[in-house]
2 protein chains.
Amino acid sequence: MARFIRVDMSSRQVKSENVADKYLILGGRALTSQLVADEVPATCDPLGPFNKLVIAPGLLSGTSAPSSGRLSVGGKSPLTGGIKESNAGGITSQKLANLGIKAVILEGKPADKGWFLLKITPDGEELLPADDLVGKGTYEVTAICRERFGDKVGVITIGPAGEMLMHAAGVTNNDGDGNSSRYAGRGGLGAVMGSKGLKAIVVDSPKTFEAPVKDPERFKAAAKKFSQILLDNPTCGKGLPAYGTNVLMNIINEAGTLPTRNFKFGRFDKAAEVGGEKLAEVAKARGGKATHACHPGCVMRCSNVYPMPDGKVCAPVEYETAWAFGPNLEIGELDVIAKLNYICNDVGLDTIETGCTLGVLMEAGVIPFGDGQAAISALEEVAKGTPLGRIIGSGSANAGKVYGVTRVPAVKGQGIPAYDPRACKGNGVTYATTPMGADHTAGYAVTANILKVGGYVNPLEPAGQVELSRNLQVATAALDSTGLCLFVAFAVLDNPEGLPTIVEMINAQYGTSLTVDDVTALGQNVLKTERQFNQQAGFTSADDRLPEFFYNEELPPHNTKFDVKDEELDRVFNFQ
Amino acid sequence: MARFIRVDMSSRQVKSENVADKYLILGGRALTSQLVADEVPATCDPLGPFNKLVIAPGLLSGTSAPSSGRLSVGGKSPLTGGIKESNAGGITSQKLANLGIKAVILEGKPADKGWFLLKITPDGEELLPADDLVGKGTYEVTAICRERFGDKVGVITIGPAGEMLMHAAGVTNNDGDGNSSRYAGRGGLGAVMGSKGLKAIVVDSPKTFEAPVKDPERFKAAAKKFSQILLDNPTCGKGLPAYGTNVLMNIINEAGTLPTRNFKFGRFDKAAEVGGEKLAEVAKARGGKATHACHPGCVMRCSNVYPMPDGKVCAPVEYETAWAFGPNLEIGELDVIAKLNYICNDVGLDTIETGCTLGVLMEAGVIPFGDGQAAISALEEVAKGTPLGRIIGSGSANAGKVYGVTRVPAVKGQGIPAYDPRACKGNGVTYATTPMGADHTAGYAVTANILKVGGYVNPLEPAGQVELSRNLQVATAALDSTGLCLFVAFAVLDNPEGLPTIVEMINAQYGTSLTVDDVTALGQNVLKTERQFNQQAGFTSADDRLPEFFYNEELPPHNTKFDVKDEELDRVFNFQ
């Protein structure tokens, strides 16, 4: 029986409640966004008592559907001031789904300062005191919880950054090896969890793939077919398993849209030094892994395990992170990148946001560009809560305000990821308009702009970008609701049987008779709900714009500016 | 011949240009807001090349109209993101007006880092290199300029805070004694001036009261009558000259609406220790002054000269500042308040904003409440540009974000001044709705709420506050355009001849035939223009609200919350 776990942190009461019909066919982002829209006042303080944190597995999570273990975390974002969903791999989505839990809803705010841990098992749920975990990094917290509750548990946790209510704090959970670095990183939802006084959620479930399915045989056939579709696709079946996401480094550099030196240039002369091929080579040489699954049942296995010189392991080093701490800061050493990545993972900060913030601080002259040791020293301030550490933890837009920087790569207060909007204009449209704040995953136009997957739209011209971004944003909103990894999109965009097979899995699981059009409608509905929330929160079309410098500074080597017109940007959501 | 001085800081060109007819009958705030609305793109970066800084005397400035020497400074605010006008006393408004200058318009942004000084004399205007003034406080800069250009010059300048583009930086100018502490403090316009690379404007004019007047005899009669109206009013003629603005301390404390300990309480047990009566006693005992005029021709002389134990002089210590560093921080020592005030004046920060920011840092536990020495040490970080100094200089809302504080007293990013909105609800309406960001001067409902001037509206009840605030906001927008000090309102509200006499002065000066109704229309127009700019910049009714805690926490001793309904707030500008 599907249920919500509702935790009132004001009274410290935990309730298991039935799921209203309207929520039964929602999952992941569709569910978190709908619950937030229904229960959270749009104008509330994101760190106050009226915000809620909603954690939900996807619709297909906990089944044998391949690569379906994404966990969605939603709430009103302290970073953007708008609605937010951020999702991650790791093992907790499947575990929650196998316990019949559609969502965990954290609400209220404690009057006193005690910290708690929510323990979820097949026998029930309870809040346990967790003051002993306070101040500890996510690696240690996860290790302690696995020791205390068994090494099969999943642990959702925040680091000191989330405890300290830093706006760039993420929520993380662990992979099957106990590695606590699968981050729902974006938007500062870790600070929302921190504001509730909850340090961790431990999910103890013996099952992984046994979430209820109405028609198991039909489901099995569809899942098998979908698995084959993924394996047959060159990116999903070969590229990602070989080099992971960081295979993009050299591709994006070659395309001239790799943001370098805080979005000053589109190419980095040391890109090859920090790309996926090099990473695989070093990782393997040191006994690490160039391919690794973040959750059971993933066929793409795009993750990696990178042993660092100090004996610790950073797993994974993703493309976005390698970019954020590499080209973006003009740092060309993988070991420095891994170290910055590790510190972020441990203290509990989003790596993209933190890379953008360090870039802003370099722009301000606080840290020299290219100085890896200075960047590491600065980042180590975060755990100490020093003024500089606080500024770093508050994200790029806030840091820009504190230092009076005008070249701040952020939209709606959230840092722009690893594709420059001037030479990958479809992504520029997504950054500007998605209700999520600058987010590459919300409408990953790199596909058609650069990778020539699902067609081709010239990345240097404004034509066609709005339509491209719109279609991708709709599809992504739907996909983010299934628990499927976004990377299945490479196969879905290239294989006409991809989307119908996803729909077939959902229908087999829920006994529904959805069509492909219904999936589009679902995606549109999610966006409508999110946009409406943001409008109520005070967002207008003025928020759907890129920072000024993208319109006025040319990006080498293509020497292009962002020139998609405002009126065009305002047509992205013309289906509403 | 009325003219604009237009300074393009990109090309470093200075032009004197004719004033278009539409601007001829505007002055002060009406002129700065109209120019900003006409020439600045609403969505531009406040510290980028497209913002402009407009400095304008009031309509009556430079004549013998009493208390008419206010200088308006306008632009898009880095603090609020909206349109901003901030005005100050001092001698430069009269000097500019006597040179026939309706406004100085600073625009563009230099590509390199050189700093300049704009010298304005009867013989012309020129930019001079000013790198030698960089890093210097406003006291020293003013002294150097008076030494270099003669001790009668007026000096408009910014401190290191403005150079460092801090969002709480103000623009200051000097009084007749050369004291550089007449601040257009609010909204961070000092950072806008800093972003243009302009350190100071030196205004050398031999005349003070000889701005052109069409009908001198008629004007003289009206000005004389207006002077008498002021002198006959108990507040303008007796209260303000005796104790200055800080006479309010005990009154507001008694009323239970003196924000204490970052807006936790409405009374401060040491209020009498930091109030105007005590200040007058100490100042006089130390050879200072309890009454002092900030510009020639002021009959209210509400300023003061406070000698500090270290031999320096803080002039003046105003009520708002005494509150910001006193009750707001639970500091009960005048000497500490004066020291904090002096540091702010010198480094170039708005005292209200800085007091709110220190309150937020105390709320966050960075500095203990009541610890004056810790507050002084923290404030001394600003000039050094340390991370903590940067946070302080960035204002209360930004500091709140950096520290994850939810009890941040700010609206539209700007700190709330010295009257708690829960026990002076008319001011609460003004804070919430004025396009200026939280600003007591924009619609000073303390008059009818507490002082019983111009009627009485119970400050503890929501009834009548919207109408009160609306009428005051309209009247203030008009008054801010004349160059008259806001304090003439005490007399104008109490004497039916007040407003007609102001209109008579304007008509005599400009040869117009305005009526009292035209003045209301002018005020409404200013507000319309400002609101429209803010709407284009992305403001909505969601920005016209107080912070959450004012709606949810009761303020002792009256134990009231802010309960003017949202729908009511949205009716403030129903004349539009």
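This is a predicted model: local features need pLDDT of at least 70, side-chain atom pairs count only at pLDDT 80 or more; totals for chains, interfaces and linings use all residues.

Student: What is the bridge partner of Val7(A) in strand 6 of chain A?

Tutor: Leu106(A) is that partner. Zoom out from this pair and you see strand 1 (residues 3–8) running parallel to strand 6 (residues 101–107) of chain A, with six bridges joining them.

Student: In what order do the six strands of the open sheet in chain A come?

Tutor: Read across, the order is 2-1-6-3-4-5, and the pairing is mixed. Strand 2 (13–18) and strand 5 (83–88) of chain A each have a single partner strand, so they stand at the edges with one side lacking a neighbour in the sheet. From one strand to the next, the twist averages 20°.

Student: Now the domains. How is chain A divided?

Tutor: Into domain 1 (3–203) and domain 2 (244–418). Taken over C-alpha atoms, their centres are 25 Å apart.

Student: How many residues of the two domains of chain A are in contact?

Tutor: 38 from domain 1 meet 29 from domain 2. On the domain 1 side of chain A, helix 4 (138–149), helix 5 (160–163) and strand 11 (182–184) each supply at least two residues. Helix 5 of chain A gives the most, with three. By type, that side of domain 1 has 12 nonpolar, 23 polar and three charged residues.

Terms used:
Residues are numbered from 1 along each chain as its sequence is written. Chains are lettered from A and ligands numbered from 1 in the order in which they are written. Two strands pair if DSSP finds at least two bridges between them. Helices (H or I, at least four residues) and strands (E, at least two) are DSSP runs, numbered from the N terminus. Axes are lines fitted to C-alpha atoms, for helices over the stretch in contact, and angles run from 0 to 180 degrees between N-to-C directions. Domain bounds come from an automatic or database domain assignment. Two residues are in contact if their C-beta atoms, placed from the backbone, lie within 7 Å. Ala, Val, Leu, Ile, Met, Phe, Trp, Tyr, Cys and Pro count as nonpolar, Asp, Glu, Lys and Arg as charged, and the others, Gly among them, as polar.
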